[in-house]
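Hi,

Here is the structure I promised to pass on.

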Amino acid sequence: MTTATLPTLSMFSLAGKVALVTGASRGLGLEIARAMAGAGATVLLNGRDPARLEAAAARIGETAGQVIPLPFDVADGAALRDAFAWIRREHGRLDVLVHNVGQRNRKPLADFADDEIRSLLDVDLTAGLVLAREAARLMLPRGEGRLIAVTSIAGQVAKANDAVYTAAKAGLTGMVRALAAEYGPHNITSNAIAPGFFATETNAGITGDPAASAYFEGRTPMRRWGQPPEIAGAAVFLASPAASFVNGHVLVVDGGATILM
Ligand SMILES: NC(=O)c1ccc[n+]([C@@H]2O[C@H](COP(=O)([O-])OP(=O)(O)OC[C@H]3O[C@@H](n4cnc5c(N)ncnc54)[C@H](OP(=O)(O)O)[C@@H]3O)[C@@H](O)[C@H]2O)c1
């Protein structure tokens, strides 16, 4: 049965799929993992802290699919390779990679030491390439797969005092497009989700400050912050049969922030 003839809701089913979501112990990653498990996937929940991942799995609770903590630091090459060896051994496949980890250090570029720039790029850019490579090695022999990177509207627009993060997100956006070209012939799609301003725990300092919060709300035509569950539909869509011909796309989920003059 082709996608076009599937009953509508089953176009969004992830039943039988194995998905790895990095940075899934809280925030957007947790909501993406929750929704993918709800759509029937076996979701491997990644983060650095095993206890936080167990707590996240408990928060997700009973779903159509399964959630399994898989702790490792995405910037630690050896730990990452061990994790993929485990995926190969235990599951023999990976259908979906959602690379969602992103760290930010807002300050003027002049205040960064060399090693601060390098370690931020290790997490925010290099890890995305290494994860995509490892995922592709599992996907290529099976002739199918979905690579999804959570980038940011900072991959397309810019603000002062954020150069390293912005460079990394723009780099990830380039990677997504390059991999769409490279793996498209192998039926592996590569897409990005670019969130706007979301009220995650990481942004609590801003959302809790009325003046700062008003700035971001004012930059968003919908005049509010995105709530973390509002990212999840985009991820399920890109991972699902409904997106079988969507490749090299950046799906902006920002309440319209990037279209505002
Ligand atoms: N929130 C927004 O408004 C917004 C806007 C645009 C883009 N984004 C992007 O969306 C993504 C998620 O944002 P968020 O606000 O939900 O992030 P967050 O709340 O800071 O969560 C980050 C997650 O990543 C994990 N993590 C951090 N470093 C890691 C590492 N080296 N290895 C493995 N896991 C690591 C954290 O768990 P541990 O600390 O336990 O490892 C946590 O689960 C990021 O890429 C961010 O840049 C967010």
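Predicted model: local features only at pLDDT ≥ 70, side-chain atom pairs only at ≥ 80, totals over all residues.

**Helix packing and the ligand site**

Helix 3 (residues 77-90) and helix 4 (residues 114-139) have axes that come within 11 Å and cross at roughly 20 degrees. Because of that angle, helix 3 counts as roughly parallel to helix 4 (angles under 35 degrees are roughly parallel, over 145 roughly antiparallel, 65 to 115 roughly perpendicular, and the rest oblique).

Residues are numbered from 1 along each chain as its sequence is written, and side-chain values use heavy atoms, with hydrogens and water left out.

On terms: helices are DSSP runs (H or I, at least four residues; strands are E, at least two), numbered from the N terminus. Axes are lines fitted to C-alpha atoms, for helices over the stretch in contact, with angles from 0 to 180 degrees between N-to-C directions.

On the helix 3 side, Leu80, Arg81, Phe84, Ile87 and Arg88 make the contact (heavy atoms within 4.5 Å), and they meet Val130, Leu131, Arg133, Glu134, Ala135, Arg137 and Leu138 in helix 4. By class, that contact has 7 nonpolar, no polar and 5 charged residues (Ala, Val, Leu, Ile, Met, Phe, Trp, Tyr, Cys and Pro are nonpolar, Asp, Glu, Lys and Arg charged, and the others, Gly among them, polar).

Next, helix 1 (residues 27-38) and helix 8 (residues 232-239): their axes come within 8 Å and cross at roughly 50 degrees, so helix 1 is oblique to helix 8. Here Glu31, Ile32, Ala35 and Met36 of helix 1 meet Ala232, Ala235, Val236 and Ala239 of helix 8. The residues of this contact divide into 7 nonpolar, no polar and 1 charged.

Now the ligand. Which residues are closest to the ligand? They are Ser25, Arg52, Asn100, Tyr165 and Thr202, out of 30 that surround it (a heavy atom within 4 Å). I also have some polar contacts for you (N or O pairs within 3.5 Å). The side chain of tyrosine 165 has an N or O atom 2.6 Å from a ligand oxygen. For the side chain of glutamine 103, an N or O atom is 2.8 Å from a ligand nitrogen. Glycine 196 uses a backbone N or O atom, 3.4 Å from an oxygen atom of the ligand.

Cheers

Key:
Polar contact = N/O pair within 3.5 Å; in protein donor to acceptor, adjacent residues only side chain to side chain.
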